[in-house]
Each structure stands twice: as structure tokens, then as C-alpha cells.
Amino acid sequence: MLKTPETIRTLQRKLYRKAKQEPACRFHALYDKVYRADILSHAYHLVRANKGSAGIDGVTLEAIEENEGATAFIAELEEALRNKTYKPDPVKRVMIPKSDGSQRPLGIPTIRDRVAQMAVKLVIEPIFEADFCETSYGFRPKKSAHDAVDDVAYAMNTGYTEVIDADLSKYFDTIPHANLMAVVAERICDGATLHLIQMWLKAPIMEVDKDGTKRNIGGGKGNRKGTPQGGVISPLLSNLYLHILDRIWERNNLQQRLGTRIVRYADDIVVLCRRNKSDKAMTVLRQILERLELTLNETKTKIVNAFNGKFDFLGFTIWMGKGRKTRNYYPHVQPSKKALQKIKDRVTELTTRRRTIMPLEWIVNEVNSTVRGWVNNFRYRNCSKALGQLRSHVEERLKTHLRKRHKVRNRRAGYARFPSRLLYERYNLYKVPTSAGWTKAHAL
């Protein structure tokens, strides 16, 4: 994690405090902060740390540093922003396969545009952070998916056990630009900064065919909706638009009036209701989303009674379980089958027979970093069973890989030659922990 330079932190604190103390304040002198040398330099290093791929121009971070160098690249962008000659490049559209066989569009801006977006984000995020509600957790400093799940679990523990598991239809693609810019303008009246955001929303979207041909497939000045998933500024803008939903819920005191609590992580929304309150809450939710020109995905949105049904939220499956010893009900939170299957498939992919030509150390290092990242996210609450299954799968796959590598055809002979202990002692395989490590904090 890159440390934010103190000069930038000082600016962010001032903006946050001003916004917090004056809810009606509109900020006008922001653009000159965006092209400040320290902010652009930090923005570049943040983009670099994300290790993203090249945009439509094919320019990679490595190419920038080998050719002109990072300092010259930043200076050139600073000059373009200062002189207001900066124009964003088209966004590169790539399709990411989803587990259900469909594909999700991802928009990748060029590195130059990602640095400019990061600089704007560094300046404007503290202003909006002062406004966000406590029930919003996605893409926010010092907030996490675990915090959101904790909020859900606490609400369930206090009687909110009818759950609306809401799914928005193509949220990122359907955000109306005019409404979004109106929300941004509630806090920012700096025309140059607003113009930058507008240009990014209107950037053309291009695809690159297999033969290298570039095709314009959308976006542009006539586009009225959507912010590309993959842009640096997109998570903040998408969070900001759904903040209207949170604000309506809070200002109209709907938690008390409807007996409901809303918990949101970006566009992942659950509305937790007291018994027999979910129908009214669903009606109100639909009305608010309709005003926002957003729609629920009817096939994926459902109402679940957590005592006899389950729902997924942020990669976890949640329901009201019964303690074996106490026989008391509690919110049971474990990694979802989909999340567990995804990491198992990835480990299988990293240890296939065709990779036996690669150095074993590379294979083990890749497996270790992949599995460790998953464990860091999912080693939480009631995860012991899933962690045990993952450890068994990782051991099994590495043993199979070693058998193929050393041409040991007999499975039993392979187990004898490569016992589990050896995987950790000789080959330095990461040992997946099989307990959550939170027992005392969340003891039943």
C-alpha cells in the first residue's frame, strides 16, 4: 500500500473538514490542485501499483519508463491539464468471462487518462466522503467488504431477518449522465473539473479485433448513459449516484418507519427487514430506483427469510444458523460455493500438466500468492469448512502436478513419494489455515 504524501493528506483533510462542517458548500477552486506536481506524481505511482494493462494506444507502464521516463510523462500531462489542451483517448472495451458463461464488459482507459482520473479522484474524493452514509461500504477509504458483512450480520442478530437481495440490471451501463453530473455539481461548481468528468463519461468506446483492427462501438458525445467499469474514477462516480438511495433512506427515517436497514457495497444492495415488512420495503425500493432511472434485475432479485433460506453477499453465503452447543440462532457467514469453486478452478489451472515445463518454483509461487490473496479475503467468520476444502484441493493438485512432472503414473506411489508434509517443508507451499482466527471477537 502506497503511503499518501503529507502535502496531499493535508489538502484532503482540509477539503474533508470543510465539506463536513458545511453540508451546503460548493467547491470552486479545485482544478489547479489536479495538475499539482505532487498529486500527479502520486497518481502515477498509484496507477503503477495497480499493474493494469495498456489502453487503446497500446502504451504500457514499462514502455513509458523505458522510453520517455515517468518524470517526462507526468510533466507532459501536467502541461496539458494546466493549458486545458488535455483530451481523453477512447476507452478500450474488453470482455471478461463470468462464471455463468456470460461476459462482462470492462472499459480500460489509457494510462495517461488513468493518471488524470486518479489525480481528480485524490482531490474530490474527500469532499464526497464527508457526505456518504454509514451504511455505504464500497470503494471507500477505511471501509471494507467485511465491515459491510458485519453490518448485515448485526442487523440479522437484532431481528432484521427478512432480506431483500437486490440486483441492479447493468448498473454501470445505465447511470444517466445528466442526473450523475447534477449530483456531482451539488458539491463541485469548478467548471474545469466538471468538464474533465464530462469528457471521461463521453469518451468513445473502442474494441480491438484479433487482427488488430480498432472499431468504434459506442460512447462519444451522443452517449447519455453509463460509466465504464475499469476506469479509475468510475467506482467513485457509481458510488456517488447510489448515494441518493442511501440519503433518501436516511433522511426519510425509513429504518424506523419501515422496520428496514439498507446495507450497500457499491451496487451490491441488501435491505434487511423485520418480519412482514419486506413487501412494503420492496415497493419503496422500486419507487426510488425508478426515480433514479435504474431497474432491478427481476430474475436475480429475491426476498429471503434467513431462517429457512440463504442469500449471497460479497462472495459470502449468509443465513441464520443454529449453534450446535447453544442451540441459539446466529448469523452464519461462510464463503459461497461460487467463490470456493472459483479459487479451486484457478489452482487447477495453475497446476495443469502443460505447465510442467515451467520451473516448479514459479508454479508454487503463483499458487501461493493466488491462494494467500483469497484466504486474506475469506478467512472470516464461519470459514473453517471451506478453508479445509481449499487446503485439501491445493495439496491434491500439487501432488498431481509433481506426479506428472516426475512421470509417476501410479497415484498411490505418488502419494508415498510426495506426502503432504513434504509439500510444505521442501517445496514451500503456503499452508492454508483451517480456522478463522476471530473466535474470541465473535464468540457465540
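Me: Which residues does Arg-93 touch, not counting residues up to four places away in sequence?
Reply: In this predicted model, Arg-93 has its place in strand β1, which covers residues 91–97. Once residues up to four places away in sequence are set aside, the residues that Arg-93 touches are Pro-105, Leu-106, Ile-205, Met-206, Glu-207 and Ile-217.

Me: What separates the C-alpha atoms of Arg-93 and Gly-55?
Reply: Along the chain, Arg-93 and Gly-55 are 38 residues apart.

Me: Is Gln-12 buried or exposed?
Reply: Gln-12 is found in helix α1, made up of residues 6–21, and, leaving aside its neighbours within four places in sequence, it is in contact with Thr-4, Leu-122 and Pro-126. The term buried applies under 20% relative accessible area. Because the relative accessibility of Gln-12 is 11%, this residue counts as buried.

Me: How does Arg-93 count by its relative accessible area?
Reply: Buried means under 20% and exposed means over 50%, with partly exposed in between. Since the relative accessible area of Arg-93 is 24%, Arg-93 is partly exposed.

Me: Which residues form the positive surface patch, and where does Lys-342 lie?
Reply: The positive surface patch is formed by Lys-98, Arg-104, Lys-300, Lys-338 and Lys-342. Lys-342 counts as exposed because its relative accessibility is 64%. As for its place in the chain, Lys-342 lies within residues 337–350, that is, in helix α14.

Key:
Residues are numbered from 1 along each chain as its sequence is written. This is a predicted model: local features need pLDDT of at least 70, side-chain atom pairs count only at pLDDT 80 or more; totals for chains, interfaces and linings use all residues. Side-chain values use heavy atoms; hydrogens and water are left out. Patches are made of residues with over 30% relative accessible area and no salt bridge: like charges are joined within 9 Å, nonpolar side chains (Val, Leu, Ile, Met, Phe, Trp, Tyr) within 5 Å. Accessible areas come from the Shrake-Rupley method with a 1.4 Å probe; for residues, only the protein chains shown count as cover. A salt bridge is a side-chain nitrogen of Lys or Arg within 4 Å of a carboxyl oxygen of Asp or Glu. Lys and Arg count as positive and Asp and Glu as negative; His and the chain ends are not counted. The place of a charge is taken as NZ of Lys, CZ of Arg, CG of Asp or CD of Glu. Helices (H or I, at least four residues) and strands (E, at least two) are DSSP runs, numbered from the N terminus. Buried means under 20% relative accessible area, exposed over 50%, partly exposed in between (1.4 Å probe, protein chains only). Contact means heavy atoms within 4.5 Å.
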